[in-house]
Amino acid sequence: MADNHTPLRTLIVDDEPLAIERMQILCADQQGLTLVGTAADGAAALRMIESLSPDLVLLDIAMPELDGMAVAKSLSRHDGGRAPAIIFVTAFDSFAIEAFDLAAVDYLLKPVSADRLGRAVERVVQRRRVAEPASPPSTHVEEFWVPHRSELVRIAAIDIDRIDAARDYMRLHVGNRSYLLHQPIGALEA
């Protein structure tokens with residue numbers, strides 16, 4: 001387990017060798033990360049997580065057989081020990097809500113910039129500093145992640161002034177800004 005001075009032991013999981021290589025290069029430039037391994041599929045990732053006990057997993061979603069979502073679900077059900085923090089690294093923006101339902105710390109879209117990775121790692125560090133008491137998960141939507149330019153923006157539900165809905169789109173009004181969210185019917189229902 002990492003503290004303020006101990007680097008986060010990090011595992012990269014992606015089925016594409018070039019994507020793993022790129023993430024290794026980005027991780028090497030990040031202070032506070034120590035790479036402990038890589039895995040090319042979900043089953044290997046679960047075995048490595050079990051044996052290496054990483055603090056952080058940089059996890060691709062689209063992989064053959066056991067995808068990143070299945071890995072995250074498996075980790076969320078894992079009893080005993082502390083599950084690693086998960087940052088999804090993917091080319092698909094359509095899984096963000098499901099990712100955050102699985103307690104992902106962040107959701108990065110490929111190609112990942114060093115700056116964006118740094119902000120995501122800082123989130124992991126901040127969450128580790130704040131030892132929150134265990135509380136039952138809320139049954140209410142507390143935040144929305146909406147595509148905005150080339151990244152996803154977090155909007156706290158409490159900050160939303162108004163929501164306009166038409167079919168499977170929602171326009172979230174926050175102050176003098178608004179964000180368009182395409183959401184399949186039933187996806188927000190738990």
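Which residues is Phe88 in contact with, leaving aside its neighbours within four places in sequence? In this predicted model, contact means heavy atoms within 4.5 Å, and the partners of Phe88 on that basis are Leu59, Ile61, Gly68, Met69, Ala72, Ala99, Ala104, Asp106, Tyr107 and Leu108. Residues are numbered from 1 along each chain as its sequence is written, and side-chain values use heavy atoms, with hydrogens and water left out. Because the model is predicted, local features need pLDDT of at least 70 and side-chain atom pairs count only at pLDDT 80 or more, while totals for chains, interfaces and linings use all residues.

The chain as a whole comes to five helices and ten strands; these are DSSP runs numbered from the N terminus, with helices being H or I of at least four residues and strands being E of at least two. Of its 190 residues, 38% count as buried, where buried means under 20% relative accessible area, exposed over 50% and partly exposed in between, with a 1.4 Å probe and protein chains only. Among contacts with a separation of 6 or more, 53% join residues 24 or more positions apart.

Phe88 belongs to the group with the most contacts inside the largest nonpolar core, together with Val13, Leu59 and Tyr107; this core has 24 residues. A nonpolar core is a set of buried Ala, Val, Leu, Ile, Met, Phe, Trp, Tyr and Cys residues joined through side-chain atoms within 4.5 Å. Two or more residues each are given to this core by S1, H2, S3, H3, strand S4 (85-90) and helix H4 (96-101). The largest share, four residues, comes from H3. Apart from this core lies another, of 20 residues, including Cys27, Leu33, Val112 and Val125.

Helix H2 (residues 42-52) has Gly42, Ala44, Ala45 and Ile49 among its residues, and these are buried. Seen down the helix axis, the buried residues of H2 fall within an arc of 150°, so they line one face of the helix; the arc is that of the directions from the helix axis to the C-beta atoms. Arg47, Glu50 and Ser51, on the other side of H2, are exposed. The cover over the buried residues includes strand S1 (8-13), strand S2 (33-39), strand S3 (56-59) and helix H3 (68-77). At the N-terminal end, Asp41 caps H2, with a side-chain oxygen 3.1 Å from the backbone nitrogen of Ala43. Just after the helix, Ser53 takes a positive phi of about 50°.

The structure also holds four aromatic pairs. Rings of Phe, Tyr and Trp (its six-membered ring) pair if their centres lie within 6.5 Å; planes under 30 degrees apart count as stacked, over 60 as edge-to-face and the rest as tilted. Phe92 and Phe95 form an edge-to-face pair, at 6.3 Å centre to centre and 85° between the planes. The centres of Phe100 and Tyr107 are 6.4 Å apart and their planes lie at 45°, so this pair is tilted. Phe100 is buried at a relative accessible area of 13%, and Tyr107 is buried at 2%. Phe88, Phe100, Tyr107 and Trp145 form one aromatic cluster.

Leaving aside neighbours within four places in sequence, Arg116 is in contact with Asp106, Tyr107, Leu108 and Glu151. Arg116 is buried, with a relative accessible area of 12%.

Methods: Polar contact = N/O pair within 3.5 Å; in protein donor to acceptor, adjacent residues only side chain to side chain.
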